[in-house]
Amino acid sequence: MEYISKTLNFHVKEPSVISFGKFDGLHRGHEFLMEKQIEQSNLHGYKRIIFTFDIPPKSEVLGIESKVIITNDEKEYVFEKSGIDYLIECPFVPQVMTMEADAFVRWIVKSLNVKCIIVGDDFRFGHNRAGDHRLLSAMAGELGYELIVVDKIKDGDRDISSTYIREEIAAGHIKKANELLGYPFFIKGRVVHGRALGRTIGIPTVNLTVPHDKLLPPKGVYMSRVLVRDNWYLGVTNIGCKPTIEGKNPIGAETYIIDFGQDVYGQDIMVELHKFVRAEMKFDSIEALKSQMSADINYTINYAGSHTF
């Protein structure tokens, strides 16, 4: 996959099929859209392009910070695994923000040799969000591309959307969020040094740096799986700020990796969250904390032994 970012000067020579969006979470609705891309690619030999922005447009337009289900780095990782040919992360700069919808279409179709556009029925684009699938349809004959509009995938009576999934994550319904995503919610980051308390009590943990814009579930302990150097391990992950430890601790992700004794400081790992175990607690002593951590580990091992996840 070719990853193009930090430039408006992008070009693709080969005929392509393209989809646009924020793609936050790359959930089951996005998966259906990408399946349509694969169909067109197999049928016509088109290169597959995903076009997104480097920041959520709402963040720039409304001046508010938007928490994301997956960060740009995580998004690149997922798209690369999915077989996309080009991931274009367009800078959301004034030139793009103020571009009229029809001009945006002409620019993209010409620059990326677009022969097929696949979008959801709620897709909006251009200055003041004036463009939609109706405009794309009206311009298709002139610019020589095929338009495919896909309906929303539903969960019961509700559309599967990033908003819906963010609500479930924020509420701590991690199993439901995973069902809507179509894969486990994960945190990908670099292992950094903590205070080494876990090592001193015989339960060494790894601490991940969590980007400020990453949406996290409620503070607590979660059953997890951890990917280290292409190998998967069972884990117990605490999302929180370590209230038992003195001082001000930023919220982060700390994981005990079961049956693992390697040094991974400075390396990138991925932690999937699978099941909520308990809320984060402040203990009266380090010994009480150690006892509860041991109980969490035993619970996780026993649960994993009788369930598939």
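Is Asp132 buried or exposed? Asp132 is buried, with a relative accessible area of 13%. The close-ups below come from a predicted model.

**View 1. Asp132 pairs with Arg134 in a salt bridge.** The closest N and O atoms of the two residues are 2.9 Å apart. Arg134 is exposed, at a relative accessible area of 56%. Asp132 falls under the 20% cut-off, so its 13% makes it buried.

**View 2. A salt bridge joins Arg106 to Glu142.** Here the closest N and O atoms lie 2.4 Å apart. The pair links distant parts of the chain, 36 residues apart. Arg106 sits in helix H5 (residues 101–112), and Glu142 in helix H6 (residues 133–143). Arg106 is partly exposed, with a relative accessible area of 35%. Glu142 is exposed, at 52%.

**View 3. Asp155, Lys176 and Glu179 form a network of salt bridges.** The side chains of Lys176 and Glu179 meet at 3.3 Å, N to O. Both residues belong to helix H8 (residues 174–181). They are 3 residues apart, so about one helical turn separates them. Lys176 is partly exposed, at 24% relative accessibility. Glu179 is also partly exposed, with a relative accessible area of 41%. In total, the model has 14 salt bridges.

**View 4. The second largest pocket has a volume of about 360 Å³.** Its lining comprises 18 residues. Closest to the pocket centre are Leu26, Val78, Lys81, Ser82 and Tyr183. Helix H1 (28–44), helix H3 (72–82) and strand E14 (268–279) each supply at least two lining residues. By class, the lining has 10 nonpolar, 3 polar and 5 charged residues.

Key
Residues numbered from 1 in each chain as written. Predicted model: local features only at pLDDT ≥ 70, side-chain atom pairs only at ≥ 80, totals over all residues. Heavy atoms only, no water. 1 Å grid on protein atoms, 1.4 Å probe; cavity = no way out; pocket = protein on both sides within 12 Å on 5 of 7 lines; lining within 4 Å. Points joined across faces, edges and corners; volume = space filled by probe spheres on them. Helix = DSSP H or I, 4+ residues; strand = E, 2+ residues; numbered from the N terminus. Nonpolar A, V, L, I, M, F, W, Y, C, P; charged D, E, K, R; others polar. Salt bridge = Lys/Arg side-chain N within 4 Å of Asp/Glu carboxyl O. Buried < 20%, exposed > 50% of the residue type's maximum accessible area, 1.4 Å probe, protein only.
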